[in-house]
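Subject: Structure for you to look at

Hi,

Here is the structure I promised to hand over. Please open it next to this email and follow along.

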Amino acid sequence: MPVVSVRGAARVGGPTLPVAGRAAVGPYVKGSTGEVYELIEQLQSALFGGVYRARGLKSGRDYAVKVLHKRELAKMHREARGHRNVELCEMPLSEVTYASKMRDNDHVLELLDHSEDDHCHYLASPLARGGDLLEALKEVSNATESGFQEKIVKCVVAEAAQGIAHLHSHGLALQDVSLENMLLFVDPESGNYTVKICDPGQATEFTIDKHGREEPIHFKGLLGKSFRPPELYSRRDYIATAVDSWCLGWSIFYLLTARSLFQTADPRSGDKDWIAFSTGDVEQLFRRKGARHLSRQAKDLILKLMQLDPRQRLSVDRVLDHPWFVDKPSPGRWPAPSHLVIEEREMLAKIRARLGTASRGASTNAPSDSGTVVEASAETVRERTGSTTSTTTESQRTSLRGPRLESIDSVNRTSIGSSRRSAKQVSGAHRMDSRPSMASVRSAIALNAYHTRLSRSPSPPPQRVPFSSIPKWTTVVDTMNIAQLYIYPGQPYGAEMAEPYAGAREDGTVPSGLGERAEAE
């Protein structure tokens, strides 16, 4: 079960409802490292649970949290003891089992935290904002009716091969190399994608004999996807790393053409494409699949990875020595969408600002506002839950997940936010030195214009990343009420945040007599 990004996600507004006897999950989960994860939206539903996008209340980082229900796992083990199902070779807690082998490599997804309660296991990993390669290929195919350009595929394959080779060097074969298990992470410095291998659910350990040759392992079931290598259908001992080579070659063809080279290598299926491939009619098969544009080196790499004899296949650790990579661009030359880069950079900027404020506050024994918010949120979770599940009111969730707006940081909290004065307590007779600054006024107008445009937009902006370190919602409302009295006296602020100020333009522009333009986003 791969860890994916926010595409196609479902909002988690509170504890998830039980499904078929499953225990409710979230919205807060306590980790084993002291982190508290707020489950924001469901990314994927699976047989044993699901994957959720989460925010760490302590660190402010984005995570992907895999939730595995113990009842479902126990049911699987009971069925496995009763009769072995050769079609299912999934090991749900494999990330925990192989955690030590999946560290210290930039192209392998690392498990960051594992905790459990009476009902579930919780596995936290970094969030892949770009999703997986299969999602990306579908988008490209829908737009171009073809696959990726070779220069992009070279970058992808080079990084994926490094990740797989790292696992092989630690005696671990993935046995399920596929586009779903190649995740796209955003590099905040370059703004490019980075590929990481994930989900060792079907992985197996292997050994090397005294002559340096890999020893075959016993057949345990039909591994991988339908395009698994043909030797598995004999149900005999096989070479585990050769399975990874075969699946990588099939995936390269799929990335370049957006078409399956064949559906299955099962001799009983009668797959015409497989018959053509296995009998050597490869050129005809490539033409039929629309692969005429592929370079000679690309075709050669695919065929060497997919030799019918497992002992003759090109090993993954030698892929980068192939002539196809002689003129390869430097790794990470696939630019990520700008809104994903913005999300990643803003998250890191918030974390750095919080850490800097906390360090200054520690030196003066004065904790920062953001640190107070985070600690108060975590403490509230501990008090209310006593376990890893909790419920919250809608107002509390709004305060934790409120909209992100950089201009809020410029509001004068001393003169406005911390005073907690209501609109009724403010009148036109106030002294000039008690009035908010123009920066505060413009920030309030910008926030209202932001909500106005949000309510009129057919879909929310893709870079919605809430931060728990923003001011409390009541403070923001007080700020806007105070600004309202000074700008438009006698016109009470609307009941809904999306209601615009009278006299303000729809694009968030302040009339020329009232100051400079306030940016709505």
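The protein chain has 13 helices and 11 strands. Helices (H or I, at least four residues) and strands (E, at least two) are DSSP runs, numbered from the N terminus. This is a predicted model, where local features need pLDDT of at least 70, side-chain atom pairs count only at pLDDT 80 or more, and totals for chains, interfaces and linings use all residues. Residues are numbered from 1 along each chain as its sequence is written, and side-chain values use heavy atoms, with hydrogens and water left out.

The chain as a whole comes next. Of its 521 residues, 51% count as buried. Buried means under 20% relative accessible area, exposed means over 50%, and partly exposed lies in between (1.4 Å probe, protein chains only). Now take the contacts in the chain with a separation of 6 or more: residues 24 or more positions apart account for 70% of them. A contact means heavy atoms within 4.5 Å.

Now strand S5, residues 62–69. How many of its residues are buried? Eight of its eight are, so look at both faces. On one side sit Asp-62, Ala-64, Lys-66 and Leu-68, and on the other Tyr-63, Val-65, Val-67 and His-69; all are buried. In a regular strand the side chains alternate between the two faces of the sheet.

S5 has partners. Two strands pair if DSSP finds at least two bridges between them. Strand S4 (residues 49–56) is joined to S5 by seven bridges, and the two run antiparallel. Arg-53 stands opposite Ala-64. S4 and S5 form a hairpin with five residues between them. In that turn, Gly-60 has a positive phi of about 80 degrees. Strand S7 (residues 120–126) also pairs with S5 in the antiparallel sense, over seven bridges. There, His-69 stands opposite Cys-120.

Ser-45 is 22 residues from Val-67 in sequence and 9.7 Å from it in space, C-alpha to C-alpha. Ser-45 belongs to strand S3 (residues 36–45). Ser-45 is exposed, with a relative accessible area of 58%.

Next, a pair of helices. H5 (residues 240–257) and H8 (residues 296–305) pack at an angle of about 150 degrees, with their axes 7 Å apart. Axes are lines fitted to C-alpha atoms, for helices over the stretch in contact, and angles run from 0 to 180 degrees between N-to-C directions. H5 and H8 are therefore roughly antiparallel (angles under 35 degrees count as roughly parallel, over 145 as roughly antiparallel, 65 to 115 as roughly perpendicular and the rest as oblique). Which residues of H5 meet H8? They are Ser-245, Trp-246, Leu-248, Gly-249, Ile-252, Phe-253 and Leu-256. In H8, they meet Ala-298, Leu-301, Ile-302 and Leu-305. The residues of this contact divide into nine nonpolar, two polar and no charged. Ala, Val, Leu, Ile, Met, Phe, Trp, Tyr, Cys and Pro count as nonpolar, Asp, Glu, Lys and Arg as charged, and the others, Gly among them, as polar.

Glu-145 is not a glycine, yet it has a positive phi of about 60 degrees. Glu-145 lies in the loop between helix H3 (133–144) and helix H4 (150–169). Is Glu-145 buried or exposed? Glu-145 is exposed, with a relative accessible area of 73%. Asp-199 also has a positive phi, near 60 degrees. Its place is in the loop between strand S10 (193–197) and strand S11 (204–205). Asp-199 is buried, with a relative accessible area of 7%.

Best wishes
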